[in-house]
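Please read it alongside the sequence and the coordinates.

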Amino acid sequence: MTEAAYQENLPLHEPHSWWTRYVFSQDHKVIAIQYTLTAVAVGMVALVMSWLMRLQIGFPGTFSFIDPSTYYQLVTMHGMIMVIYLLTAIFLGGFGNFLIPLMVGARDMVFPFVNMLSYWAYLLSVLVLLSSLFVPGGPTGAGWTLYPPQAILPGTPGSGAGIVLMLISLALFIVAATMGGLNYVTTVIQARTRGLTMMRLPLSVWGIFMATILALLAFPALFVGAIMMLFDRLLGASFFMPAIVSMGQHLDHQGGSPVLFQHIFWFFGHPEVYIVALPAFGIVSDIISTHARKNIFGYRIMVWAIVIIGVLSFIVWAHHMYVSGMNPYFGFFFAITTLIIAVPTAIKVYNWVLTLWHGNIRLTVPMLFSIAFVSSFTIGGLTGLFLGNVVIDLPLSDTYFVVAHFHMVMGVSPILVVFGGIYHWYPKLTGKMLNDVWGQWHFWLTFIGTYLIYFPMHYLGFVGMPRRYHAYDGYEFIPESAQDLNVFITVSALMVGAAQFIFLYNMYWSYRNGKESGGNPWKATSLEWQTPDTPPIHGNWGPKLPVVYRWPYDYSVPGTKDDFIPQNHPPSAEEPDTPTA
Ligand code: HEM
Ligand SMILES: [Cu+2]
């Protein structure tokens, strides 16, 4: 890579008016903000929905407007919004957009116009989804897995317009994710600046890069699944609908396979977990390294673990279908592959801990969130080992043990990283530090609160409390004390939810009144902290793109005067060469 970097002399798309600068912007940083704000807004809707569900479970009967149908609709919308419209959108569209060009030393994404379209398609998908709250019959209550036949049959809440809008919205989201994703992958491959080899990329970029490849391969499965179900629902096709009697009527459908949908859904659904987790892995690695002033332990293994986890995530999907009545040999195969994935995952956890070991640890707010992630992800991962085994999964399936497991591993953990990442990069985005005292409050309430919510749920699962139920009276096997725990969980959930308003207010307040951050407040090495302006202006780098001489983990290198060496710092006599790069 000695010739001029790809984007060095490329003309930039210059905005000509307020509208093209801030609204129909093609600047990756503006698009990142648009994606993030939209995702946070729709995430707040999902948060309020979780409150309503918890109020019903903690105090059954008190809130008469939450009837069983409403409860199903809340469960469905909450789950879908959290997984797709918040987490996927914020990691790829938000962090991906902001970090990739800055971290690879580019002026922008490779296809800025398509990038802009990606955001608008995403916004449209969110609006279509939210519109289903207002149609007759309300949003779909099929559960976030949308299993047919019940998803589209009368009797399921929202089987009229609700499910149709949900499927259309998902299709739109996938169009958006594809337009964004092609950009992220191409930009990483094509637009890295001089000297920036793949093995010198920050792990954040690796995580987002690999997650995007997973998204490009997994989302098409959901796309065809959604379109086929639309055909079943609107045109009387029978892809997923067997010959069926519904409410005493023989329906026209025949010959379809509901289990086929489960395969298609989970062929997407399991990689989806890693579409969210891999960016989180990468971001946590960079935050831990920076705030422990140590190079990340085992960089190459960390990269390979990301790649291997990504590949393996495509051959484990049927561990979500152990109770679907599949051939036991099939279950055996998927149990084995599932447990194998634990190996590279455990390696990553060891390496985070070893990076912290003897580090010069600074307990900043981003660091607190990152360490909390390692803890909650380990807990969630351990219960995953239980559920990955067919024989243990069978009794636990569809209980609160599962709710606890997946919330720890893909609800709480990635959200902690989203917060860590925002506290870490907010100064680059705005030139201001987020208020530290509020940050600490936000962190401790959130971290302790989530454990208070989800730890007791494991126990409730063991005593057999089923998930997706509107009320639990009249089940003799559930001990009465379970209700006390449910009240406790609900109160904790309200507290955690309230704590998020501290964060929102902090984002707003600090933007106006925060301490000036300067360009590199954490004394970090990677390129985004070396921009000539903070916040970086259009085109990011001024006339010359940076040149990279080293990996991004040169912290506390012996024999140097500062405790960090930026990636674009040329090697000189008094500094020893980096070992890995
Ligand atoms: C304070 C935060 C949260 C609370 C209190 C909460 C609460 C709940 C509740 C009460 C349910 C319904 C359980 C049932 O009846 O089966 C649920 C389901 C679910 N939640 Fe959350 N949740 C939170 C955050 C999240 C996050 C961040 C995610 C992101 C992955 C998430 C993903 C899901 C999913 C996928 C379901 C399953 C939906 C279904 O069964 O169809 N939740 N949550
Ligand atoms: Cu899975």
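What distance separates the centres of domain 1 and domain 3, taken over C-alpha atoms? The separation is 35 Å. The model is a predicted one, in which local features need pLDDT of at least 70, side-chain atom pairs count only at pLDDT 80 or more, and totals for chains, interfaces and linings use all residues. Residues are numbered from 1 along each chain as its sequence is written, while chains are lettered from A and ligands numbered from 1 in the order in which they are written.

1. Domains. Domain 1 covers 24–240, domain 2 covers 296–517 and domain 3 covers 520–581; such bounds come from an automatic or database domain assignment. To the contact between domain 1 and domain 3, domain 1 brings 14 residues and domain 3 brings 17 residues. Two residues are in contact if their C-beta atoms, placed from the backbone, lie within 7 Å. On the side of domain 1 that touches domain 3, α3 supplies the largest share, four residues. That side is made up of six nonpolar, three polar and five charged residues. Here Ala, Val, Leu, Ile, Met, Phe, Trp, Tyr, Cys and Pro count as nonpolar, Asp, Glu, Lys and Arg as charged, and the others, Gly among them, as polar.

2. Overall form. The chain contains 14 helices and two strands. Helices (H or I, at least four residues) and strands (E, at least two) are DSSP runs, numbered from the N terminus. The chain has a radius of gyration of 24 Å, close to the 25 Å that the globule rule gives for 581 residues, and is therefore as compact as a globular protein of that length. The radius is taken over C-alpha atoms, and the rule is 2.2 Å times the number of residues to the power 0.38. Along the principal axes, the C-alpha trace spans about 85 × 50 × 50 Å. Of contacts between residues at least 6 apart in sequence, 81% join residues at least 24 apart.

3. Burial and helix α3. Of the 581 residues in the chain, 51% are buried. A residue is buried if 20 or more other C-beta atoms lie within 10 Å of its own, exposed if 12 or fewer, and partly exposed in between, with C-beta atoms placed from the backbone. In α3, 32 of the 36 residues are buried, so this helix is largely enclosed by the rest of the structure. Helix α3 (residues 68–103) also has a kink of about 45 degrees centred on G96; the bend at a residue is the angle between axes fitted to the seven residues ending there and the seven starting there. Just after α3, G105 adopts a positive phi of about 70 degrees.

4. Ligand 1. The shell around ligand 1 holds 23 residues, the closest being S50, G79, M82, G411 and R467. A residue is near a molecule if its C-beta atom, placed from the backbone, lies within 6 Å of it. Which helix gives the most to this shell? Helix α3 does, with seven residues. At least two residues of the shell come from each of α2 (28–58), α3, α12 (400–430) and α14 (481–513). Domain 1 and domain 2 each contribute at least three residues. By class, the shell divides into twelve nonpolar, eight polar and three charged residues.

5. R293. This residue is in the loop between α7 (258–291) and α8 (299–312). R293 counts as partly exposed because it has 16 C-beta neighbours inside 10 Å. Leaving aside neighbours within four places in sequence, R293 contacts G359, N360, Y555, S556 and D563. The C-alpha atoms of R293 and G255 are separated by 61 Å, and the two residues are 38 residues apart along the chain.

6. Backbone geometry. The peptide bond from P148 to P149 is cis, with omega near 5 degrees; P149 lies in the loop between α4 (112–131) and α5 (161–190). A further cis peptide bond joins T534 and P535, with omega about -10 degrees, and P535 belongs to the segment after α14. H358, which is not a glycine, has a positive phi of about 60 degrees. H358 sits in the loop between α9 (328–356) and α10 (365–388) and is exposed, with 9 other C-beta atoms within 10 Å. D398, also a residue other than glycine, has a positive phi near 60 degrees. D398 is in the loop between α11 (390–396) and α12 and is partly exposed, with 15 other C-beta atoms within 10 Å.
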